[in-house]
There are 2 protein chains.
Amino acid sequence: MENILVEIMSNFITLTDEEKQDIAMAFPIKTFKRKDFLLEEGQRAKDSFLVVNGCIREYCIIDGEEHTNEFYTELQSILNIESISNNKPSQYNLECIEHSTVAILNAKKESQLYKKHPRFGEICRVEMEKMFGENRERYLKFKNSTPKERYLNLIKERPSLINKVPQYHLASYLGVKPETLSRIRKRISLNS
Amino acid sequence: MENILVEIMSNFITLTDEEKQDIAMAFPIKTFKRKDFLLEEGQRAKDSFLVVNGCIREYCIIDGEEHTNEFYTELQSILNIESISNNKPSQYNLECIEHSTVAILNAKKESQLYKKHPRFGEICRVEMEKMFGENRERYLKFKNSTPKERYLNLIKERPSLINKVPQYHLASYLGVKPETLSRIRKRISLNS
């Protein structure tokens, strides 16, 4: 199987064999078991990740309570810029909620690769812009919608999460108490 | 006065005279009056902006009601990637809430500049990463805090907004009704 990052970069430019090899060498692919951590709160992040398959939950702990920030699934990138760029301890945990395959993007190796192949940097700038836009959309959608709208939106946009993820994690992700999510689900099933 | 973008880029690298001139030419600085719009819902965005001074409010209209997404002040960038990259009509309005000076970053000119001076692209990639991180932090802070915590955080991190911005816009920005913000303010002043 070709390295997933080679595949992705090939969507933008025709890669030389040397470029393909350098990408595959720089970004190895690893598998993790359910409940394995890619990063734990307090560790200094050195890697970003690209999910090949599986599901990774990002959460933080506030006043002893877990808050689920994000679920990362196929082809989503996991960036902890705050921790990597400023060499600060991570505020988040990254836990596999199922068996997952992930490409590891070490920050140092990434920057060496851009130095050797500057045209990769340009592609990543544009991709970074795209991710920025998506993240902003997600924030505004969250802010400007009711919990019920958020849940309906999740069913529509990420239906696979609904069965994969325990209800109390989903509730936390949607910013509501588990009881509230139960009520929303009941009301939706009564109306349909 | 030197062009603000020349100043900012000079923090990263020593610019040649030609580079300085190209930046200043590509990104003109304009002033806008209170209530002027930099962009209106439905228009296709072609420019990003960097606020030199003043304050710009980003809002959208949902079910006839204005929702304030963001206030942009000194040295903040305003990116509407969704509209620019996909040539889609903007979902947002950008309105000056006071006299404002803004550098205009036309997307086409920006990409021409990166072609001519590839090292600028690398700086912008890193800056884009930083902005991505900040935006993510903002999202998670919003999601994982109560309205009162959000307000206290705003007083701490952006005190100048409190007097500059009408209360009902602030309430919308914090994701609460104006009455709720009034109550929060009253409770805080009673306790202090």
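1. Basis. The model is predicted, with local features requiring pLDDT of at least 70 and side-chain atom pairs counted only at pLDDT 80 or more, whereas totals for chains, interfaces and linings use all residues. Residues are numbered from 1 along each chain as its sequence is written, with chains lettered from A and ligands numbered from 1 in the order in which they are written.

2. Helix pair in chain A. Helix H6 (residues 147–157) of chain A packs on helix H9 (residues 178–191) of chain A at an angle of about 70 degrees, and the axes are 10 Å apart. That makes H6(A) roughly perpendicular to H9(A) (65 to 115 degrees; under 35 is roughly parallel, over 145 roughly antiparallel, the rest oblique). Axes are lines fitted to C-alpha atoms, for helices over the stretch in contact, and angles run from 0 to 180 degrees between N-to-C directions. Helices (H or I, at least four residues) and strands (E, at least two) are DSSP runs, numbered from the N terminus.

3. Residues at that crossing. On the H6(A) side are A:Pro147, A:Lys148 and A:Tyr151, which meet A:Thr180, A:Leu181 and A:Ile184 in H9(A). Contact here requires C-beta atoms, placed from the backbone, within 7 Å. By class, the contact of H6(A) with H9(A) has 4 nonpolar, 1 polar and 1 charged residues (nonpolar: Ala, Val, Leu, Ile, Met, Phe, Trp, Tyr, Cys and Pro; charged: Asp, Glu, Lys and Arg; polar: the others, Gly among them).

4. Helix pair in chain B. Helix H6 (residues 147–157) of chain B and helix H9 (residues 178–191) of chain B pack at about 70 degrees with axes 10 Å apart. H6(B) and H9(B) are therefore roughly perpendicular to each other, and their crossing is right-handed. B:Pro147, B:Lys148 and B:Tyr151 in H6(B) meet B:Thr180, B:Leu181 and B:Ile184 in H9(B).

5. Domains of chain A. Chain A is divided into domain 1 (4–140) and domain 2 (145–192), with bounds from an automatic or database domain assignment. The C-alpha centres of domain 1 and domain 2 of chain A lie 26 Å apart. Their contact takes 9 residues from domain 1 of chain A and 7 residues from domain 2 of chain A. On the domain 1 side, strand S5 (residues 65–72) of chain A gives the largest share, 4 residues.

6. Chain interface. In the pair, 28 residues of chain B are in contact with 28 residues of chain A. The largest share of the chain B side, 19 residues, comes from H5(B). That side of chain B divides into 11 nonpolar, 8 polar and 9 charged residues.

7. Symmetry. Chain B superposes on chain A by a rotation of 180 degrees with 0.0 Å of shift along its axis (RMSD 0.0 Å), fitted by least squares on C-alpha atoms of residues with pLDDT of at least 70 in both copies. That is the relation of a two-fold axis. Of the residues of chain B, B:Arg125 comes closest to the rotation axis, at 2.3 Å (C-alpha). The same surface serves both copies, as 100% of the contact residues of chain B recur in chain A.

Methods:
Contact = placed C-beta atoms within 7 Å. Left-handed = near helix turned anticlockwise from the far one by under 90°.
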